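Thanks for coming. I will take a few minutes to walk through one model, starting with the metal sites and then going on to the helices.

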Amino acid sequence: MIRRIKGTQDIYMEEITYWHYVEGIILDLTKKYAFQEIRTPIFEATQLFKRSVGEYTDVVQKEMYTFEDKGGRSVTLRPEGTASIARAYIENGFINFGSPLKLFYVGPMFRYEKPQAGRLRQFHQFGIETLGSEDPEADFEIIDFSVNFVKALGINDFQLLINSVGCEKCRPEYRKALKKYYSGKLDRICDDCKKRYETNILRLLDCDKDREIAKNAPSIHDYLCAECSEHFDKLIHLLEENDIDFTIDESLVRGLDYYTKTAFEIKSNTLGGQDQILGGGRYDGLIEQIGGKRVPAVGFAAGLDRIILLLKKEKIVPGDKEKPDIAVLAIDEIAKKESFKIAEYLREKDFSVFIDVVNRNVGNKLKHASRIGAPISIILGENEIKSGEISIKNMNSGEQKNIPMKEASTYLMGMLKKKKVGN
Ligand SMILES: [Zn+2]
Ligand SMILES: [Zn+2]
């Protein structure tokens, strides 16, 4: 038997209802906030991720699916979404559409990580980005959206953490201070951090293994330049004025190199070890870094696989929207032909109709209708068709009634309304 690749999943039946639920919320909320969808390729030139995500990040060093194609190009399955958007921004001249440009994306990403619950090698992200504004109002809107997204999912027990990671002007000084602080402690930090000490020192602050040492490290807030510090203060005020609860977390630095100024995360209090729902921040230098003009930008990305795991833990059930309203069961040859016309009529009236196209007795047809969760079955035979009636069976109560075809639609609507209340 051929099996699926480790770290991937088949999403079906019960599971797919969660995806439709989350994707529905995404489409609804992005429309309300007037963000437009962008779809970029799932593979890109390897160089794009090296230059944007950062040569020395864990993502680029260890986790990318990189291969040579038949034309000898080095290509990589995208490990995240923002780099592609920055590339598309330059390549398609988005700057000519004016600023700000508000975009969103949803789709699969790929990282070669150790698979575990909520962490897959093909995983799915939803993200939004505002390009072309350096103002804290843009950061505020992104954070406000992210909070409303989490609430719309039905998750109420969460925490918003924010920080500033400085900019190209003030971060070098802070890096120096960190280097000095950690220089006498190299024998006490983990092996990964020993490497990060040289290449990505900010990451030492958010290493789970070295929490204790990080506690007394110098604070970025003592090193922020006037511009960064004013930007951060304005953002804080906007959050306060709009009653959005937050905590300042000085260890929040985010894993990727391109962040500037604002960094934020939303964490669930129920997910246990992997409690991050989404994370984002500002990346003013990214587009320039990959060859464009300087276009300030801010955004977030949310891991949908993890969110769905969380919904299940919180017992948030997406409802039974995916189940058909009605199963049409034709029990003889004359009824079979008629069944398609009746189904079409009902679909025009907006019902979801499942036609049983397997030849078997009515008992087995009813059994299957019940298995797929249809609340109503219509049983059709030669007698019903001759009399202009249909036989409607309530699958929950077992009650069965003959109704004139003309009245069927109204009658079915009434039955379903009763059922759908509270859904
Ligand atoms: Zn600065
Ligand atoms: Zn460490």
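One term before the rest: I call a residue buried if its relative accessible area is under 20%, exposed if it is over 50%, and partly exposed in between. By that rule Cys-228, at 1% relative accessibility, counts as buried. Keep in mind that what you see is a predicted model.

Which residues coordinate the zinc ion (ligand 1)? There are Cys-167, Cys-170, Cys-225 and Cys-228, each through its SG atom, at 2.3 Å. The angles among these 4 donor atoms run from 99 to 116 degrees, and the site is tetrahedral. For reference, ideal angles for four tetrahedral donors are 109.5 degrees. Read along the sequence, the donor residues of the zinc ion (ligand 1) have the spacing C-x2-C-x54-C-x2-C. Cys-170 sits in the loop between strand 7 (158-164) and helix 6 (171-183), while Cys-228 is in helix 9 (residues 226-241), so this pair ties together parts that are 58 residues apart in sequence. Cys-170 is buried as well, with a relative accessible area of 5%.

Now the second site. The zinc ion (ligand 2) is coordinated by the SG atoms of Cys-190, Cys-193 and Cys-207 and by OD of Asp-210, at 2.0 to 2.3 Å. With 4 donor atoms and angles of 98 to 117 degrees, the site of the zinc ion (ligand 2) is tetrahedral. The spacing of its donors along the chain is C-x2-C-x13-C-x2-D. What does the pair Cys-190 and Cys-207 tie together? Cys-190 is in the loop between helix 6 and helix 7 (191-199), and Cys-207 is in the loop between helix 7 and helix 8 (211-215), so the pair joins parts that are 17 residues apart in sequence. Cys-190 is buried at a relative accessible area of 13%, and Cys-207 is buried at 8%.

The crossing of the two is right-handed. On the helix 5 side the residues involved are Pro-136, Glu-137, Asp-139, Phe-140 and Ile-143, and they meet His-231, Lys-234, Leu-235, Leu-238 and Leu-239 in helix 9.

Helix 5 has another partner in helix 1. Helix 1 and helix 5 pack at an angle of about 140 degrees, with their axes 10 Å apart. Angles over 145 degrees would count as roughly antiparallel, so at this angle helix 1 and helix 5 are oblique to each other. Tyr-21, Val-22, Ile-25, Ile-26, Leu-29 and Thr-30 of helix 1 make the contact with Phe-145, Asn-148, Phe-149, Ala-152 and Leu-153 of helix 5. Helix 1 passes helix 5 in a right-handed crossing.

How do helix 1 and helix 11 cross? The axes of helix 1 (residues 14-32) and helix 11 (residues 304-313) come within 10 Å and cross at roughly 110 degrees. The two helices are therefore roughly perpendicular to each other. From helix 1 the contact takes in Glu-15, Tyr-18, Trp-19, Tyr-21, Val-22 and Ile-26, and from helix 11 Leu-304, Asp-305, Ile-307, Ile-308, Leu-311 and Lys-312. This crossing, of helix 1 and helix 11, is right-handed.

Is helix 4 (residues 82-91) mostly covered or mostly open? Mostly covered: 8 of its 10 residues are buried. The buried residues are Thr-82, Ala-83, Ser-84, Ile-85, Ala-86, Arg-87, Ala-88 and Tyr-89. Their cover includes strand 2 (43-45), helix 2 (46-52), strand 5 (101-110), strand 6 (122-131) and helix 10 (286-289). After helix 4 comes Gly-93, with a positive phi near 60 degrees.

Last, one loop residue. Tyr-112 lies in the loop between strand 5 and strand 6. Tyr-112 is partly exposed, at a relative accessible area of 43%. Leaving aside neighbours within four places in sequence, Tyr-112 is in contact with Lys-62, Glu-63, Tyr-65 and Arg-121. Tyr-112 and Lys-6 are 106 residues apart in sequence, and their C-alpha atoms are 9.9 Å apart in space.

Note on methods:
Residues numbered from 1 in each chain as written. Chains lettered and ligands numbered in written order. Predicted model: local features only at pLDDT ≥ 70, side-chain atom pairs only at ≥ 80, totals over all residues. Heavy atoms only, no water. Donors = N, O, S within 2.8 Å, 3.2 Å for Na, K, Ca; no water. Tetrahedral: all angles 85-135°; square planar, octahedral: opposite > 155°, others 65-115°. Helix = DSSP H or I, 4+ residues; strand = E, 2+ residues; numbered from the N terminus. Buried < 20%, exposed > 50% of the residue type's maximum accessible area, 1.4 Å probe, protein only. Axes fitted to C-alpha atoms, helices over the stretch in contact; angles between N-to-C directions. Parallel < 35°, antiparallel > 145°, perpendicular 65-115°, else oblique. Left-handed = near helix turned anticlockwise from the far one by under 90°. Contact = heavy atoms within 4.5 Å.
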